[in-house]
Amino acid sequence: MRLVIARCSVDYVGRLKAHLPLATRLLLVKADGSVLVHSDGGSYKPLNWMSPPATLRVTAAEDTEVEEGVVEQWTVQSAKTDDRLIINIYEHLHDTSHELGVDPGLIKDGVEADLQRLLAEQIETLGAGYSLIRREYFTAIGPVDILARDASGATVAIELKRRGDIDGVEQLTRYLELLNRDPLLAPVRGIFAAQQIKPQAKVLANDRGIDCVTLDYDAMRGVDDSESRLF
């Protein structure tokens, strides 16, 4: 991973357009091809980013840009669309790289681990005719929570969360991109399953062709007393 602190401006060009004026920011360049732009605020979310697969090209600034103080330009090009992230560097303050190695993946908390086990045991919760391939299906970027087949025999990758947000959809998207390269599995579609799913995550999932399923944890555990409920 490369970490660069620089005075820079950022433009996203493509389906959407966005501009970040000149300021000091942290630029993260990851081994998977993603590039993220962070400020010192805004919690953990980047101000802008390009998801993998993408390529980074660094070029010298043109004469007109040099006059404005630009020393180099980064162009991050998406491999799947015409979207580009253009970063104009005015001053390098820090530049370092680190080899992080293979990450062992997220260790699920008790509820997420239970959801995974219960859904694997009750896979037809997702629909009639579903069958389990395996839990924790290993990939080069981490384990897919559940890999299954639907009634038509198509492969389905399922990402489980207690509370589903945009990051979970992004994670499943990366798994799907990798799994669909395997001719023995492709085509693979995705299901994002959680006890609660945020509206923004549903919109993003729908845009990427990923189905969303809300899980009733108590009902799956067999502790939901339907006779005592009003509805």
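Glu-68 is exposed, with a relative accessible area of 55%, where exposed means over 50%, buried under 20% and partly exposed in between (1.4 Å probe, protein chains only). The residue sits in helix α1 (residues 63-68); helices (H or I, at least four residues) and strands (E, at least two) are DSSP runs, numbered from the N terminus. Glu-68 also belongs to a surface patch of negative charge, together with Glu-62, Asp-63 and Glu-67. Patches are made of residues with over 30% relative accessible area and no salt bridge, with like charges joined within 9 Å and nonpolar side chains (Val, Leu, Ile, Met, Phe, Trp, Tyr) within 5 Å. Lys and Arg count as positive and Asp and Glu as negative, while His and the chain ends are not counted. The place of a charge is taken as NZ of Lys, CZ of Arg, CG of Asp or CD of Glu.

The model is predicted: local features need pLDDT of at least 70, side-chain atom pairs count only at pLDDT 80 or more, and totals for chains, interfaces and linings use all residues. Residues are numbered from 1 along each chain as its sequence is written, and side-chain values use heavy atoms, with hydrogens and water left out.

**Overall figures**

The protein has 5 helices and 12 strands. Its C-alpha atoms fill a box of roughly 75 × 45 × 35 Å along the principal axes. Of the 231 residues, 39% are buried.

**Salt bridges**

A search of the whole structure finds 11 salt bridges, each being a side-chain nitrogen of Lys or Arg within 4 Å of a carboxyl oxygen of Asp or Glu. The table gives three of them.

| Pair | Closest N and O atoms |
|---|---|
| Asp-95 and Arg-2 | 2.6 Å |
| Arg-117 and Asp-114 | 3.7 Å |
| Asp-218 and Arg-221 | 2.7 Å |

Asp-95 forms its salt bridge with Arg-2. Asp-95 lies in strand β7 (residues 84-97) and Arg-2 in strand β1 (residues 2-13), so the pair ties together parts that are 93 residues apart in sequence. Asp-95 is partly exposed at 40% relative accessibility, and Arg-2 is partly exposed at 24%.

Arg-117 and Asp-114 are 3 residues apart in helix α2 (residues 110-121), a separation of about one helical turn. Arg-117 is partly exposed, at 32%, as is Asp-114, at 26%. These two residues and Glu-121 are linked in a network of salt bridges.

Asp-218 and Arg-221 are likewise 3 residues apart, in helix α5 (residues 217-221), and separated by about one helical turn. Asp-218 has a relative accessibility of 35% and counts as partly exposed; Arg-221 is partly exposed at 44%.

Gln-171 lies in helix α3 (residues 166-179) and is buried, with a relative accessible area of 18%. Not counting residues up to four places away in sequence, Gln-171 touches Glu-159 and Lys-161. Glu-159 is placed in strand β10 (residues 155-164) and is buried at 1% relative accessibility. Glu-159 and Gly-190 are 31 residues apart in sequence, with their C-alpha atoms 7.8 Å apart in space.

Thr-75, in strand β6 (residues 72-78), is buried with a relative accessible area of 9%. Leaving aside neighbours within four places in sequence, Thr-75 is in contact with Thr-55, Leu-56, Arg-57, Arg-84 and Leu-85. Thr-75 and Ala-54 are 21 residues apart in sequence and 10.0 Å apart in space, C-alpha to C-alpha.

**Backbone geometry**

Most residues other than glycine have a negative phi, and most peptide bonds are trans. The peptide bond from Pro-52 to Pro-53 is cis, with omega near 0 degrees, and Pro-53 is in the loop between β4 (48-50) and β5 (54-60). The bond from Ala-186 to Pro-187 is cis, with omega near 0 degrees; Pro-187 lies in the loop between α3 and β11 (188-197). Glu-136 is not a glycine but has a positive phi of about 50 degrees. Glu-136 is in strand β8 (residues 131-137) and is partly exposed, with a relative accessible area of 32%.

Methods. Areas by Shrake-Rupley, 256 points an atom, 1.4 Å probe, with all protein chains shown as cover. Contact = heavy atoms within 4.5 Å.
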